Amino acid sequence: MNHDVIVLGAGLAGLSAARDLVHAGVDVLVVEARERVGGRVEQQQLPDGRLVQLGGEVVGRAHTAYLGLVEELELTLVPSYVAEPGLIARATPEGVSAGDPPHWFGPEDEAEHRKATAEFVDLARTVDPDDPWSHPDVAALDGLSVGAWLRSRKASPAVVRLWEIGALGLADGSIERTSLLAALRKQAAVPSAGHYDYEDWEGLRVAEGSATVALRMAEELGPRVRLGAPVTALDVRPDRCTVRLRGGETLTASAVVSALPVGPLRDVTVTGVSDARLASLHAQRHALAAKFVAAYRQPFWRERGLSGLSECEGVLGSTWPQSTAVLSALVPPERLGPLLGMPAQLRERELLSEIAVLYGPPALDPLAAWLRCWGTDPWTQGYVTQWVPGDVQRVGPLHATHEPPFYVCGSDQWVAGYMEGAVRTGRAAAKEALRRG
């Protein structure tokens, strides 16, 4: 059957693009490899009715595309974990401490940290997040890691350590393998007085569950979404695009919107698209990370004066409370190998033990727990966008642009990934496809 547009992938990006196209009267088919919609947003419900988010959860006040979509879907935004009472905890081999400054700081490190942050924020103001390639020092900034930049300006080892534990807590990779230009671009996209201000980036969540955003859009699209349909090949021609599914079935359309993550997209044979565009798409990468969630009866960490937010140097990189008595945690790329090296039946206990180091023995007895290894999932092959030194130039100005009738969207087609990137680029791809007719 021929369609106006075929959308590859039913995550937030693909669903956002398809929804806008359908509202404009376009005949759309969405094909999704999984037997569910949502991609890296997923949720489960506890017997007591609480929804538990197993993928993306939070957004910030500057994430306007996502916030606008939530309003259209008549869902509710509420403060996230950022509003939780209590102190941040940090777990390192030396022990656990609460609050700021971190326990490894000396008398002068706090002032040095403030100075480094101010210099980073000032430097980010020189970067255009939509066109970082135009920066006069593009090669130097992209060739330098954040860690190397900190050391070049004589930051103390204690300050470098704080930046590293913070970066791994976000699970987008070590500062030693993060392009300074990419980090500056991210700061420029959501400017603030600090470096990765939690309120600006993660201060809000959807009360009905972030996965409900995807489910609502899928309900609107109805039979236009086809599940269990992995794509193996795509041929793009000006007059006709052909999509081949596993099993040999062929679908045709006048245009294709690819909302596949960059890892799975590399597994699709694509013809009819320029070599330069494929090289750009294939140069992108995702951080290989995992998410762990544990649901409890009570938020017992509050008894210790803690908020549930932590930064860690074990297998876990961070924890935070996603909702009432539910803790989320991330395993960053540098620690995914040790996690996967454990026998599968021991992983949950190991991760719960690390949470117990932070918050005490009640952590060992959750009502339920889930582990999602997004980095090894064949339909994601990663968590958030990762930019190692040199990647901004390798991907180049074709990033997030289109080659009609081939359009691209997805969290990795934005500055920093995240749910905002999925919705923003999904809606932008639909707008561009409609403009092109």
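I began with strand 9, where I looked up V59 and found that its bridge partner there is L204; strands, like helices, are DSSP runs numbered from the N terminus (E, at least two residues, for strands; H or I, at least four, for helices). The model is a predicted one, in which local features need pLDDT of at least 70 and side-chain atom pairs count only at pLDDT 80 or more, whereas totals for chains, interfaces and linings use all residues. Residues are numbered from 1 along each chain as its sequence is written, and side-chain values use heavy atoms, with hydrogens and water left out.

Sheet entry. I noted that two bridges join strand 5 to strand 9 (residues 204-206) and that the two run antiparallel, pairing being called if DSSP finds at least two bridges between two strands. I then traced helix 2 (residues 64-72), which packs on the sheet and touches strand 5, strand 6 and strand 9, contact meaning heavy atoms within 4.5 Å. The direction of helix 2 makes about 35 degrees with that of strand 9, with axes taken as lines fitted to C-alpha atoms, for helices over the stretch in contact, and angles running from 0 to 180 degrees between N-to-C directions.

Helix 1 entry. I checked burial and found that 11 of the 12 residues of helix 1 are buried, so the helix is largely enclosed by the rest of the structure; buried means under 20% relative accessible area, exposed over 50% and partly exposed in between, with a 1.4 Å probe and protein chains only. After helix 1 comes G25, whose phi is positive, near 90 degrees.

Core entry. I looked up the largest nonpolar core, which has 43 residues, and V5, L12, L15, V28, Y66, V213 and V257 are those with the most contacts inside it; such a core is a set of buried Ala, Val, Leu, Ile, Met, Phe, Trp, Tyr and Cys residues joined through side-chain atoms within 4.5 Å. Helix 1 gives the largest share of this core, seven residues.

Backbone entry. I recorded a cis peptide bond from D100 to P101, with omega near -5 degrees, and P101 has its place in the loop between strand 8 (95-98) and helix 3 (109-124). I also looked at K154, a residue other than glycine whose phi is positive, near 65 degrees, and which counts as exposed at 69% relative accessibility. A325 likewise has a positive phi, near 60 degrees, but A325 is buried, with a relative accessible area of 2%.
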